[in-house]
Amino acid sequence: MTETFRPIPEGDYFKNPGYLKLDLMLNGVRVDPSLFQKSLILKEYRLSPSLCGNLDLILPEETHVSVPYQEEFTIHSPYKLRGLHGKYTLSGREHSAVVKIVPHPSFYDERVNSAVRIGDVAQCHGGYVSLALGGHRYLQSHLNGSSGALSTAPATGRLVLSVDEVIGLLDRIRKETAIDVITLSAWSAKGEDGGILQIEPYIRAIKASFNVLLLVEVHLPNVRSMIDQTYAMGADSVCYHLGNLCSHGDQPPAPGRSTEQELHLLRHAVSIFPPGSILSHITMGSRPFAEVIEDIGLLTGIKVLPILTVEGLEVVRQKGLTTAQLAPLFGYVYNAAKRAKITMNWFSRLAPFVAPIEGRFFSGDSPKLKLALLNFYQSRFLGGSISAGLSNLRRKLRVREVKK
Amino acid sequence: MTDSRVIIDRRPITVVFISRTYRFFLLLLLGFAFYAFVSAPPWAGLSPEGYKAVGAFFLCLILWVTQLIPLAITGLLAVAIVPLLGIMPAKQAFSYFGNDAVFFILGAFILSAAILKTGLSTRLALLFLKGGVRSPRQLIWRILVSSAFLSCLMPEHAVAAFFLPIILEMARALEYEPFGGSYGRTLFLAMAWGCIIGGVVTFLGGGRAPLALGILKELTDQDIGFLDWMKTTVVLAVPMLGVAFVVLTFYFRIDVESVEGINRALEARRKKLGMTSWGEKWVLLILLLAVYFWMFHGLKAGLANIAIAAVVILFTFKVVSWKDVEEYVNWGIILMYGGAICLGRAMDSSGLIEWIAQKFLHYPEIIATHLGNWFGIGVPATYVLFVLLSLVALFLTEMMSNSAVVAVLLPVAIGLAHSYQLDPRLMAYVVALPAGLAFLLPISTPAVALAYSSGYLRIKDILIPGLMMNIIAWLLLVLVMKFWWPYLGMRY
C-alpha cells in the first residue's frame, strides 16, 4: 500500500489540497466571529444553521470541501477562517492559504409545500445537488458534517415530496445556481429492486426536464433486470450501499446473498453503465484497515469505483483516527482504480466526499491530460452539457424496450 | 413497463453507435451521391429528363435492395422525386396511384382479410388434411398442395401466417423440440414452398403479378386476363410441386413412422373450430363468385372493378368491419405500388427505357450467335433475352422484395420488348414469374421467413434445398418458355 503513497508531515498540509481537505473534514474549522457580523455570506449560513451545518470552501487546485464549523469539536481545530477586504484566509498553525467560500443558497428557508422546507430535502454543493426524498433526518445524517461529511447513513425516511414538487424545487434551485449533478437517494430498500422502483418516477421526470447527470444511491437489487431498468430509466451513475464486503466472515452482506453473488451483480452493473460510473461506499473506522484494503481490491478488480466513508465522526474521535492514518487508504483507492483502468471523471468535484480522483494528492501522481479533460467536462458552460448529453445519447443508443 | 422489458446492448459503445446510426449515414451518403449524379451533365444520347430518371431509378433500386427505409416510403419517394426532378408534372406523377392494379390488389387484400377474420382460411387448410393422413410422405404432399392451392386464392404470406400455427401443432404432436427432428423441418419447408409455388399461379397470390399488370397497362395499354395468366403459370407450378416433394423427401430423412399423433391433433383442432359460420359461408361464396368473374369476365369487366364489387358485397352483408380491414390490409404495399408504377412511367416518358434497350440490345444476339458457333445450339436472340432476364429476376428476388424486382426490371424489359418488336405482355411473365420463386433465403419471401421464425429450421436447412429448388425452378421456367409458350400462341 505504501509503495506509491506520498506521506506529508502535518505541518505541510497546506502544500497539498488533498491532505488539507481531509484534515478539514475531520477537524472542522473555527470561523472568526467577526465574519458573522460583516460577511453577508456567513450571515446566510448563520440564518439556517440547523439546515446546513457545513461550510463549503474551495481550496487551491479547485478542491471543494464541505467543512464542519458549528460543532463542539471544531473549537479544537487548528484551522481558522478569517476575512479581510472580501478575501478569505484559511490559516493553520504555521501556514495559511487564500480560499473561496461557496455562497450559501438563499432558498433553504423557502418552502416546497406547507410541511417541507427546501433545506429539509435538498443540499447544494456548487453544481452538486443532493435530494433526499426521505426528508430532513436522512439528509442531515447523510450529508451534514455533524454526523460526518464522510459518512453514509441508512435510508430510513419516507416520501415527503411529489414528482411535481421535486421538479418545481429543482427549477427554483436552478434560478440561483447551475446544476451539474443531482443525487437521488432511495428512502427504503424493501423488495428485490433495492429501492430503485420507489424513485423511478422522479428519475424519469428529472431526466425529462433537465440536462444533468443523475447519480442514484440505492441498495444492490437481487435481480439483474433491475440493474438494466435502473440504467434505462435515466440513472447515469449508481452508488450502491454495500457495507462491508470482506469483514462479514460467515455473515452475508445482504440476507440470502453471498459476497460472490454481490460481486456477480456488480459485474453486471459495470457491463451496463458507462465506465467508472458504478460506485460503492466502503466503510472504514471501526474495522481493520486490511479489510478495507481487501474490499478496495475486490471492487476495483471488477471495475467498481470505491468511495471511502467513515461511520460518523464520533467513530473517528473514539478511535483517534488521524489524517495521516486515513490518507494512505485514499491514495490506495486512486492507485487501485488507476491500475484497473477505471475512469474517475464522474462526480469528481464533490465537496462532501473525497472523490477517487482526489486520491492523486495522496499518491503524488499528477495526470495532467486527465485533469485537463476533467476540467473541460466540469466547465460550467459547455462541459457539463456535453457530459450529460453524451450520457443521454449513450443510453438512447443502447436501450431497447421490447414487448414481452 | 409491465408489458415490455428492457434490453441493454452491451457491446462496445462504438459498435453500438455504428450499428444504430449506419443507416442514417448511408442515407446521407446516398443523398449526396444522388445530388452529385443528377447535377452532372447527362450521358450522351440521353435527354436531361432521362438522365435524371436514371438517378431516380438507382436511388429507388438501392433503397429497395437495402431497405434503408421501408419499401412503401421508397414508393412515396419515387412519386415525389419524379416531379421534383422535372421528369413529369406532379399532377401526372400522383395520378398513378389511381392505376387499376393498385385497386385490384386493395380489393384482393380486403377479401383475404375477410378470409382470415372469419377463420375460413384455417377451415380450408384443415379440409385438405381431413380424412386422416396415412403416412409421413402423404402429409408432406398434402401440406404442399393445400398451401399452394390456398395461395392461389389469397396472398401467400397470409397463407403462411395462418398455416404456421397448424404446422407448429403438428411438430408438437410429434414431440419435436426446435431444431429437433428432420421430419419436423420438412413440414415447415413444405408449407413455405407450397405458398411460394401457389403464389405465382394467379393474380391473388401476391403483389408481383398485379404490379406487373399495372406497369404493363401504364406503359403499353395492354392487359393480361386472369385465365390467360393461369394457363401459363399452372404448367410451371404443378411440376414444381412434384419437384418440391422429391427434394423434401430425399434431402430430409423421414425420422417418424407414424403420424397418428398429428391426426389426433388436427381432429381436435377441427372440432374446436365448430360448425361453419354464416360469415365463412358468405366469404366463400363471394370469393368463388369473384374468382369466376375474374377468370371469365376479367378483361371485359376489369379486375379492379370485380374486386371492389366483391368488397362492397362483403360490407353489405357485414361479414367484416372496417376495423378488421385496417388491421389485416398491408397498406404499405399499396403505397409502394403507386410509386413503382409512377417510376416505370417516368422511365418510359423520359426516353430512358428506350436508351437502355438500345444499349443492351446486342448482347442477347451476341450470346445467341456464340451458342450457335460454339455448341451448335440454335436459339433465337429473343429466347436468350428471356433466359437472361428471368435469371436476373431470380437472382434479384433473393436479395430484395419480390414486388421491387418487378418494379425495377419490368419497365426495362418492356423497353427491350419494343426494340425486339416482341409482345410486351411476354415480359410480364418473364419478370414476374421468377420474381416470385424465391426459395433460397429467409429474407427472400415472407413464407420462408415465417417458417424460419418457427425455430425448427437451421439456415442450412433452407439454403441447400432452397438452392436446388431455385435452379430447378429456373430450368423448368426456361423449358416452359421454350415449349409451352409457343403452344399457347405466345410467339417470340
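How many residues of strand E9 (residues 181-185) of chain A are buried? The close-ups below start with that strand and then move on to salt bridges.

This is a predicted model, in which local features need pLDDT of at least 70, side-chain atom pairs count only at pLDDT 80 or more, and totals for chains, interfaces and linings use all residues. Residues are numbered from 1 along each chain as its sequence is written, chains are lettered from A and ligands numbered from 1 in the order in which they are written, and side-chain values use heavy atoms, with hydrogens and water left out.

**View 1. Strand E9 of chain A is mostly covered.** Here is the reply to the opening question: 5 of its 5 residues are buried, where buried means under 20% relative accessible area, exposed over 50% and partly exposed in between (1.4 Å probe, protein chains only). Strands (E, at least two residues) and helices (H or I, at least four) are DSSP runs, numbered from the N terminus. Look at either face of E9(A) and you find it covered. Val181(A), Thr183(A) and Ser185(A) sit on one side, with Ile182(A) and Leu184(A) on the other.

**View 2. E9(A) has paired strands to explore: E8 (residues 128-132) and E10 (residues 213-219) of chain A.** Two strands pair if DSSP finds at least two bridges between them. E8(A) and E9(A) run parallel and are joined by 5 bridges; E9(A) and E10(A) also run parallel, with 5 bridges. Tyr128(A), meanwhile, stands opposite Val181(A) of E9(A).

**View 3. Glu280(B) and Arg123(B) form a salt bridge.** A salt bridge is a side-chain nitrogen of Lys or Arg within 4 Å of a carboxyl oxygen of Asp or Glu. In this pair the closest N and O atoms are 2.5 Å apart. Glu280(B) lies in helix H13 (residues 278-301) and Arg123(B) in helix H6 (residues 120-128) of chain B, so the pair ties together parts that are 157 residues apart in sequence. Glu280(B) is buried at 4% relative accessibility, and Arg123(B) is buried with a relative accessible area of 16%.

**View 4. Glu169(B) and Arg269(B) meet in a salt bridge (2.5 Å, N to O).** Glu169(B) belongs to helix H8 (residues 156-173) and Arg269(B) to helix H12 (residues 260-273) of chain B, 100 residues apart. At 26% relative accessibility, Glu169(B) is partly exposed.

**View 5. Asp461(B) and Arg185(B) meet in a salt bridge (3.2 Å, N to O).** Asp461(B) is in helix H23 (residues 459-487) and Arg185(B) in helix H9 (residues 182-199) of chain B, 276 residues apart. Both Asp461(B) and Arg185(B) are buried.
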